[in-house]
Amino acid sequence: MDSFARAVRGRVIQPGHPEYEAARRVYNAQIDRRPSIIVQCACAADVIHCVNYARERKLEIAIRGGGHSAPGFGTCADGMVIDLSRLRSIRVDPDRRTAQVEGGCTWGDVDNATHAHGLATPGGVISTTGVGGLTTGGGFGYLSRRYGLACDNLLSATVVTADGQLRTTDAVREPDLFWAIRGGGGNFGIVTSFEFRLHPVTDVYAGPVLYPLEQAAEVLRFFRDFMRTAPRELSAFFAFLMVPPGAPFPEALWGKTVCAIMCACTGDLAAAEAITRPLCDFGPPLLALPHPMPYPILQSLFDGLLPRGLHHYWKADFMHDLTEEAIAEHVKFGPQVPTVNSAVHIYPMDGAIHDVGSTDTAFAYRDVRFVHILAAVTPDPAPLPAYREWVRNYWAALHPHSAGGGYVNFLMDEGEERIASSYMGNQGRLAAIKAKYDPENLFRLNQNIKPSPCAAASSRRRPQGPSGAAQPKSG
Ligand SMILES: Cc1cc2nc3c(=O)[nH]c(=O)nc-3n(C[C@H](O)[C@H](O)[C@H](O)COP(=O)(O)OP(=O)(O)OC[C@H]3O[C@@H](n4cnc5c(N)ncnc54)[C@H](O)[C@@H]3O)c2cc1C
């Protein structure tokens with residue numbers, strides 16, 4: 001241990017260290033695990049040392065980027081946490097419109113660095129989320145209808161694989177690895193650096209539009225139909241929410257449950273205002289707040305509602321469409337959203353996301369229109385069991401109308417069959433690539449793909465909606 005600690009340039013934290021308690025915690029306060037070693041890596045060489053040390057001693061490894069994984073994959077019991085949160089440098093090349101982003105960056109880091117050059121790349125909708133987990137699982141946000149998933153904008157990556165090698169991968173070099181890390185999560189190695197394609201994005205026209213709960217069915221239908229033909233510049237997600245008690249919301253609405261469409265439109269601001277106008281006219285709404293703002297402001301708009309240390313429970317599914325049956329379930333369950341921090345969100349999954357084929361990257365669900373997340377989030381753990389039941393019942397009612405699988409970054413610990421249904425026909429190829437790069441399943445604390453050298457040809461079948469999908473465990 002001493003020689004390991006001497007070889008590492010970052011910080012090695014073990015039980016008894018004054019910072020151990022803080023260092024072992026992740027974003028979801030429900031997760032309470034005690035690793036035996038936490039290494040806050042300072043460079044790629046540290047990551048290599050950690051992987052070799054853990055492999056040789058058969059220690060379980062938790063990879064931590066931003067720490068946002070709801071099932072708590074960023075920490076572990078007894079094993080080693082490889083914490084990348086000090087690997088935060090970013091180099092933007094404005095001429096080539098690319099950014100080199102270290103593996104522990106958050107989206108706030110990236111947006112801040114690229115905005116200085118009038119550029120951006122698709123990331124998540126909360127600025128504290130890690131680039132590492134979000135990108136390797138797929139990653140969508142306000143720019144995805146226009147520019148695709150985060151992983152679609154990945155040009156290359158450097159990855160420490162289970163054998164301790166640092167590999168550079170792109171469409172030409174180690175192309176299987178490159179394919180697998182675009183949706184296959186942290187199964188294949190630890191990405192120490194991502195190279196992203198950037199796009200011209202400066203100010204956006206964005207904000208929420210709130211509607212009365214009684215209009216939920218009409219708003220859901222309107223959202224579904226409007227998004228079918230909306231230009232790619234527009235991103236909008238539907239939400240059931242409790243209005244936060246504070247500006248910019250009028251006091252009369254504080255604590256009220258409403259439905260909403262959160263929109264964000266890139267491009268010329270006057271044109272963006274015209275594109276979003278039908279959302280602000282529909283209803284009429286209770287409140288329409290879209291206005292011009294710098295892109296990084298949009299990206300951190302809801303950070304205050306989701307600080308570290310809340311208790312989370314989520315479930316999710318992809319949807320081919322918002323059918324009348326699904327709308328009826330949303331209208332029944334959505335208004336029970338339990339806290340101001342909770343989220344029932346229906347995100348669009350169309351536009352540029354559909355330009356990439358289902359087998360072009362590990363992220364398979366390229367022909368669905370929506371993904372929903374049902375997230376109970378609370379500062380007080382006491383009522384979480386009741387909220388969890390609400391999430392489970394809501395999800396169970398919607399699942400028969402779903403496309404069969406979930407988005408891996410929104411899954412809890414839901415079992416192997418649920419993971420397989422989320423990869424559809426890509427599962428076999430992922431298992432074969434896993435066998436090549438991580439035959440001992442060293443990186444198994446994730447939505448795990450078991451190594452299987454012969455699996456590539458099998459499991460081409462995709463679930464035909466949940467009737468054809470495996471029954472997941474309840475999570
Ligand atoms: C508040 C909140 C908002 C979110 N919003 C969105 C959203 O808008 N869009 C979206 O797509 N998702 C969103 N998510 C889901 C998010 O993508 C996942 O939670 C993701 O796992 C977070 O990544 P992280 O690096 O922060 O997580 P961590 O907990 O640090 O990591 C989770 C796992 O990801 C893998 N991983 C992380 N970093 C690396 C790396 N450098 N190399 C290899 N593997 C790595 C590892 O397997 C790791 O165990 C959100 C989550 C939260 C909590």
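Predicted model: local features only at pLDDT ≥ 70, side-chain atom pairs only at ≥ 80, totals over all residues.
**The ligand shell and the aromatic pairs**

Helix α5 gives the largest share of the shell around the ligand, with 3 residues. In total, 33 residues surround the ligand, and the closest are G65, G67, V125, F140 and Y407. Sorted by class, that shell comes out as 15 nonpolar, 17 polar and 1 charged residues.

Several backbone atoms come up against the ligand. A polar backbone atom of H68 is found 3.1 Å from an oxygen atom of the ligand, and G130 likewise places a polar backbone atom 2.9 Å from a ligand oxygen. For F140, a backbone N or O atom is 2.7 Å from a nitrogen atom of the ligand. On its own the ligand would expose 940 Å², and the protein buries 96% of that. As for where the shell comes from, the elements that give two or more residues are β3 (61-64), α5 (131-137) and β10 (190-197).

F318 belongs to strand β17 (residues 311-319), while F363 sits in the loop between β18 (343-348) and β19 (370-378), so the pair ties together parts that are 45 residues apart in sequence. F318 has 1% relative accessibility and therefore counts as buried; F363, at 5%, counts as buried too.

A stacked pair turns up with F333 and Y394, where the centres are 5.3 Å apart and the planes are 15° from each other. Here F333 comes from helix α11 (residues 324-333) and Y394 from helix α12 (residues 384-398), so parts that are 61 residues apart in sequence are tied together by the pair. With 10% relative accessibility, F333 counts as buried, and Y394 is buried as well, its relative accessible area being 0%.

Ring pairs also join up into a cluster, made of F140, Y142, F237, W314, F318, Y347, F363, Y365, Y407 and F410.

Finally, rings take part in contacts with charges. The charged end of R388 sits over the ring of Y313, at 5.5 Å from its centre. In the case of R429, the charged end sits over the ring of W179, and the distance to the ring centre is 4.0 Å.

Definitions and conventions: Residues numbered from 1 in each chain as written. Heavy atoms only, no water. Near = heavy atom within 4 Å. Polar contact = N/O pair within 3.5 Å; in protein donor to acceptor, adjacent residues only side chain to side chain. Areas by Shrake-Rupley, 256 points an atom, 1.4 Å probe, with all protein chains shown as cover. Helix = DSSP H or I, 4+ residues; strand = E, 2+ residues; numbered from the N terminus. Nonpolar A, V, L, I, M, F, W, Y, C, P; charged D, E, K, R; others polar. Buried < 20%, exposed > 50% of the residue type's maximum accessible area, 1.4 Å probe, protein only. Phe/Tyr/Trp six-rings, centres within 6.5 Å; stacked < 30°, edge-to-face > 60°. Lys NZ or Arg CZ within 6 Å of the ring centre and 35° of its normal.
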